[in-house]
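Please look over the sequence and the model before reading on.

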Amino acid sequence: MIKRFFELQERVLSYHPDANTDLLKKAYSVAADAHINQKRATNEPYIIHPLKVAATLADLKLDDISIAAALLHDVVEDTAYTREDIDRLFGKEISDIVWGVTKISKISNVDSENAKAETLKKMILAMTGDVRVILIKLADRYHNILTLDALTPEKQKRIARETLDIYAPIAYRLGMGKIRMELEDISFKYAYPEDYERIAGEVDARRDWANEKLEGIKKELEGVLEHFKINGEIQYRIKRLISIYRKLHRQNITLDRVYDLLALRIITDTVENCYALMGEIHQRWTFIPVRWRDFIATPKANGYQSIHTTVMTKEGLMFEIQIRTREMHRIAEDGIAAHWKYKEGIAFLDNDQRLQWFRDMIETHKENPNPREFLSMVKGDLIPNEVYVFTPKGKVINLKKGSTPIDFAYAIHSEIGDHCKMAIVNESLVPLKTQLNSGDVLEIITSKEINPSIDWLKYAVTSKAKKKIMSYIQRKEFAQYEDRGRRIWNRILREYRRKYNLKLSEQEIVDRVRNIHCTDMDNFFRSVGSNNKILDKGGLKKLFPEISPKDIEPERKPVKRISQLYRLVNVEGYRDVDVSFARCCNPIKGDKIAGFITKNRGLVIHKESCANLRYVMPTRRLQVNWNVEVADYSYEVRYDLVVIDKPGLLSAISTIIAGYNSNIRRIENENISQQMNKLKITFEVKDTSQLSKIEEELKSVKNVFQIIRKKV
Ligand code: MN
């Protein structure tokens, strides 16, 4: 811990023997003098702060210019010294850096999304000028959050959240893993105190267990190193609290489902060793292919390299192992600072990928100045964006974060996607729109009668699923338009042929259609059918030049369709009456029914046995029968099933309902006691005969004790 200037100077000389010590001394004495009457909120002398900031940069082994600028970083902002004073005393390079830091401080203290994006943009601009501005700013923020305790909770929260939203992502993009994690770990506690307490408590409860397991695996890995005579250091840790928080938050799971809670790292000498160790680890434990990442072969954009793999022990314990060389480790910790070249100024960074990334961000932002997108771009893969799920046979499917059973179904096969009806996730029936979590086991139930619908597009996130759904809808729409267009056109053609005694050959029609810019007849029918204005007066004039324009009538718009419930029943003595079904008794086709004329709702259909019908005046009661010809309508019914919850039960129940080609709309589960559950199932049936078959079969399922039909 550096507390005094001479310690700082010694540290700098230890890695940079040619450092300009006169410059460092002068910077320190100017800063000490400028801040002489100031105190930090912690009541310490102010100079402690720039000294600590400079010490962080010394830990990163930065050059003397950076250290001097760090010592002076608050002088222009907080004291009587001006930019010109610094320029005169230390030259342009240092005064530019100090000024850059000062400018960013002025725009800080922000909470809204827009203001955050603005801050971020200015920081990136400053950095692409001289990256040392940001390195000082990161070190400055690091010391500030270390001393947050001295501030009010509101200020703590604001500063901590800003750190998580802006500073940590920048550190990540610069590849500076160590400072980024420090920033995140400390800020998390202040930014989300309740979540922090909760997760810290849960982790603490498992700490002894976790350390014991980790110690055991470490021993085994040491044995591996020894056996292969490989030099290496093994570290281990429990997943960081903020990473756990993000995972729980994102996937809505409990700590027990966090499969990479335990993590180990092997740091060795050579890349060959890394791969050799990986091979041995995959031999020794069951490894999970989708969790395997080779960032050695393909480094991250921020320069990070390592092998990541997740393996499972015989008793089902999962842990993650990272394997890297010492050099990779240094780059993972210090990022851009790991490459510092003292002799070359900062010109050596001109071609650095990491800075190029920031320059590209600024360019993109100029084209699309949406602050939300800009922020999320910079945060980017701080938050992992994949989930992996399993088929019932244990095959792993890797999907984009936010994926639903629809995406899964299409990932398996497009036929399964096109006809997916329901999904069973971890033994529970869920709607197709449910977001999947890593580790979920999925089963898709298909039905030939199901086809993709527009709704699916709202729930699909993978491009494969979206493309397939779109193309199905388009095909179907095209076919409908073509069909409709053909009918409209044939009617018009008949009419004109008859009225004006036109004799047109097929070829003549094709030619005329080409004349109005349709490539072929199908294309023409689609345009007509999709209500395109192609058959307006102008279009018809071109199609029938022999007819006098005053005789041409443009095609009429089709009539809007009205509620179709009226067609389900026949009512004696009435036609086209408004029909609705009573909610009290919820009649379905096959039930004995009667109608009741109301003032506002037209004819309301009740079951004949419904108690509410008893009080209806006989004059308003009507004889009603089901229209047996209508077969394409489904009625919703709801049942409560009292069951003992056993694995496979839900799947058995839904298979029965699906077996009758009935569509399940909803399932809710309510705990009655420790073992007893009430399943509230809503599904669709065509008529009472289908319903009674389903009911019978449900009654025969083991562990189902009671079946009660409810109001919908
Ligand atoms: Mn400061």
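Which residues touch the most other members of the largest nonpolar core? In this predicted model, they are Leu 8, Ile 94 and Leu 174, within a core of 119 residues. Helix H12, which spans residues 193-227, supplies the largest share of this core, with 10 residues. A second core of 40 residues is separate, and Ile 593, Ile 605, Leu 691 and Val 701 are included in it. As a general background, nonpolar side chains in soluble globular proteins tend to be buried together. For Leu 8, when residues up to four places away in sequence are not counted, the residues touched are Ile 2, Leu 51, Ala 54, Ala 55, Ala 58, Ile 67 and Leu 71.

Of the contacts between residues at least 6 apart in sequence, 66% join residues that are at least 24 apart. As for charge, the protein has 117 positive and 100 negative charges, and their mean positions are 7 Å apart.

The C-alpha atom of Phe 6 is 10.0 Å from that of Leu 24, which is 18 residues apart from Phe 6 along the chain. Ile 86, by contrast, sits in helix H6, residues 83-90, and is buried because its relative accessible area is 0%, the cut-off for burial being under 20%. With neighbours within four places in sequence left aside, Ile 86 is in contact with Val 75, Val 76, Tyr 81, Gly 91, Ile 94, Ser 95 and Val 98; Ile 94 is also one of the residues that touch the most other members of the largest core. Although Ile 86 and Val 30 are 56 residues apart in sequence, their C-alpha atoms are 9.4 Å apart in space.

Apart from neighbours within four places in sequence, Ser 580 is in contact with Leu 565, Arg 601, Leu 603, Val 604 and Ile 605, and Ile 605 is among the members of the second core.

Most residues other than glycine have a negative phi. Asn 43, however, has a positive phi of about 75° and lies in the loop between helix H2 (21-34) and helix H3 (48-59), while Asn 586 has a positive phi of about 50° and lies in the loop between E13 and strand E14 (593-597). Is each of these residues, Asn 43 and Asn 586, buried or exposed? Asn 43 is exposed because its relative accessible area is 55%, whereas Asn 586 counts as buried because its relative accessibility is 14%.

Terms used. Residues numbered from 1 in each chain as written. Predicted model: local features only at pLDDT ≥ 70, side-chain atom pairs only at ≥ 80, totals over all residues. Heavy atoms only, no water. Contact = heavy atoms within 4.5 Å. Lys, Arg positive; Asp, Glu negative; His and termini not counted. Charge placed at Lys NZ, Arg CZ, Asp CG, Glu CD. Core = buried A, V, L, I, M, F, W, Y, C linked by side-chain atoms within 4.5 Å. Buried < 20%, exposed > 50% of the residue type's maximum accessible area, 1.4 Å probe, protein only. Helix = DSSP H or I, 4+ residues; strand = E, 2+ residues; numbered from the N terminus.
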